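The points are grouped by topic.

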Amino acid sequence: MAKRRRRQKLPQEPVTATIESLSHDGRGIARIDGKTVFVDGALAGEQVDFQYARLHKSYDEARTLTVHNASPLRVEPKCQHFGVCGGCSLMHMAPEAQLEHKQATLAEHFAHFGNLTPKTWLAPLTGPLWGYRRKARLGVKYVTKKEQVLVGFREKASPFVAQLQQCEVLDPRVGLRLAELGEMIAGLEAYNRIAQIEVAMDDEHVALVFRNLDPLSDADKQALIAYGQAQNLWVYQQPGGPDTVSPLWPDNPQLSYAPEPGLTLNFDPSDFTQVNAGINHKMIQRALDLLDIQPEDRILDLFCGLGNFTLPLARRVSEVVGVEGDAALVGHARRNAELNQLANAEFELADLTQTELKDYPWAAKGFNKILLDPPRSGAFEVLHQLADLGAEKLVYVSCNPATLARDAGELVNRHGYTMEAAGVMDMFPHTSHVESIAVFTKQG
């Protein structure tokens with residue numbers, strides 16, 4: 001019988017160390033007796049006292065107690081809950097330093113995964129630093145010991161909902177209501193059966209989707225409706241999966257946003273949309289510029305969602321085909337094309353990890369340019385198909401620098417593309433999340 005490894009006892013005494021560098025997720029890196037320690041809340045060059053939080057075989061985790069010589073990059077976090085809430089990890093770092101860190105992270109991933117560097121680094125795209133977030137999933141939990149309903153994000157490195165009064169990065173239409181929402185839910189009969197609130201906003205409206213684990217009573221429905229009417233918030237219930245979302249008030253709500261002037265995209269609260277409207281506008285324009293759009297272009301837009309890039313492209317080119325693996329999003333995208341009277345935008349349902357492009361009639365005519373905006377897992381499985389299309393230019397929008405770097409290495413080292421330019425887009429200020437964009441060209 002195998003012996004169970006004895007768990008090490010967590011040291012209780014504070015440890016003093018010098019922080020050598022910063023990890024990709026924004027934690028300070030120290031070395032104690034040759035072992036790496038990731039220190040939350042510390043910056044490179046600082047000497048800090050830290051407390052061990054978790055011990056692992058090859059590394060340890062800790063949290064900062066005292067900073068003895070602060071880095072010049074350190075700032076006072078604006079949020080009173082920083083360090084407790086797990087939503088932000090870089091709020092103690094100056095915004096310009098956050099951008100430099102994210103650009104360095106992207107460069108390190110390119111070098112590590114693909115042995116690459118772009119010919120040109122693009123200037124970072126920046127936008128509002130506070131109140132920028134329009135999409136969120138808030139945890140809801142009734143805590144018996146506190147006799148209180150908590151609404152917010154999870155605690156740092158914990159499954160528990162943090163006790164938050166407000167959130168500085170959420171759009172203030174919701175970010176300033178966290179405690180108020182908790183008090184409202186506490187007055188419901190189902191106060192301990194609401195699991196989360198899905199938040200989605202456009203310029204004028206706020207939608208709150210309450211995930212109810214049991215059917216709501218008529219009294220609770222009326223209480224939610226009354227709250228929504230009083231605060232001008234649209235309220236929905238969700239008794240099961242995403243397809244069970246239905247409005248309580250008003251009767252026929254419709255969220256929408258303009259990816260650029262003159263275009264309207266309708267969406268439902270559970271649909272994927274970019275969280276940062278300001279950065280999304282700039283990102284679309286940058287993608288169009290990098291593609292060097294011409295009227296005769298025929299463009300493929302992979303992982304197209306609602307048509308965030310597809311429809312701006314359709315206004316400028318001969319034809320664009322948007323491909324998406326989610327049937328509901330394809331339906332919404334087609335309706336958005338009709339809404340905007342764009343007959344040259346075609347939307348197709350396809351899972352290209354399971355089927356080949358050549359099997360679809362819409363791919364037969366080929367494409368001279370490609371845009372792709374895949375999920376965090378990247379687009380590795382479809383790259384060989386894209387290379388076979390022979391497109392002369394490819395723009396890749398990414399929410400994960402590791403998979404972008406991996407895929408960039410595949411495009412350059414195996415399929416004959418050149419990475420012309422790349423850069424970061426600050427979609428999530430004060431977090432370690434790195435949104436980026438790269439453009440590739442192929443000769444001949």
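Two strands count as paired if DSSP finds at least two bridges between them. On that basis, eight strands form an open sheet with mixed pairing, in the order E7-E21-E22-E20-E19-E16-E17-E18. The model is predicted. A further open sheet has six strands, and the largest nonpolar core has 83 residues.

- Strand E21 (residues 418-425) and strand E22 (residues 435-441) run antiparallel and are joined by seven bridges.
- Within this pair, Gly423 stands opposite Ile437 in E22.

- Helix H1 (residues 95-114) lies across E7, E21 and E22, and runs at about 150° to E21.
- Helix H5 also packs on the sheet, where it touches strand E19 (369-372), strand E20 (393-398), E21 and E22.
- The direction of H5 makes about 160° with that of E20.

**Six-stranded sheet**

- The strand order is E1-E5-E6-E4-E3-E2, the sheet is open and the pairing is mixed.
- Strand E1 (15-18) and strand E2 (21-22) are at the edges with a single partner strand each, so one side of each is left without a neighbour in the sheet.
- Strand E5 (residues 47-55) pairs with strand E6 (residues 59-67) in the antiparallel sense, over seven bridges.
- Val48 has Val67, in E6, as its bridge partner.

**Nonpolar cores**

- In the largest core, of 83 residues, the members with the most contacts inside it are Leu138, Ile185, Ile197 and Phe210.
- Helix H5 (residues 277-291) supplies the largest share of this core, seven residues.
- Apart from it lies another core, of 35 residues, which includes Leu106, Leu372, Tyr396 and Tyr417.
- Leaving out residues up to four places away in sequence, the contacts of Ile197 include Leu138, Ile185 and Phe210.
- Other residues that Ile197 touches, with the same exclusion, include Ala136, Arg137, Val140, Val151 and Leu181.

**His332**

- His332 is found in helix H7 (residues 327-339).
- Is His332 buried or exposed? His332 has a relative accessible area of 13%; buried means under 20%, so His332 is buried.
- Not counting residues up to four places away in sequence, His332 touches Asp268, Asp271 and Leu306.

Key
Residues are numbered from 1 along each chain as its sequence is written. This is a predicted model: local features need pLDDT of at least 70, side-chain atom pairs count only at pLDDT 80 or more; totals for chains, interfaces and linings use all residues. Side-chain values use heavy atoms; hydrogens and water are left out. Helices (H or I, at least four residues) and strands (E, at least two) are DSSP runs, numbered from the N terminus. Buried means under 20% relative accessible area, exposed over 50%, partly exposed in between (1.4 Å probe, protein chains only). Contact means heavy atoms within 4.5 Å. A nonpolar core is a set of buried Ala, Val, Leu, Ile, Met, Phe, Trp, Tyr and Cys residues joined through side-chain atoms within 4.5 Å. Axes are lines fitted to C-alpha atoms, for helices over the stretch in contact, and angles run from 0 to 180 degrees between N-to-C directions.
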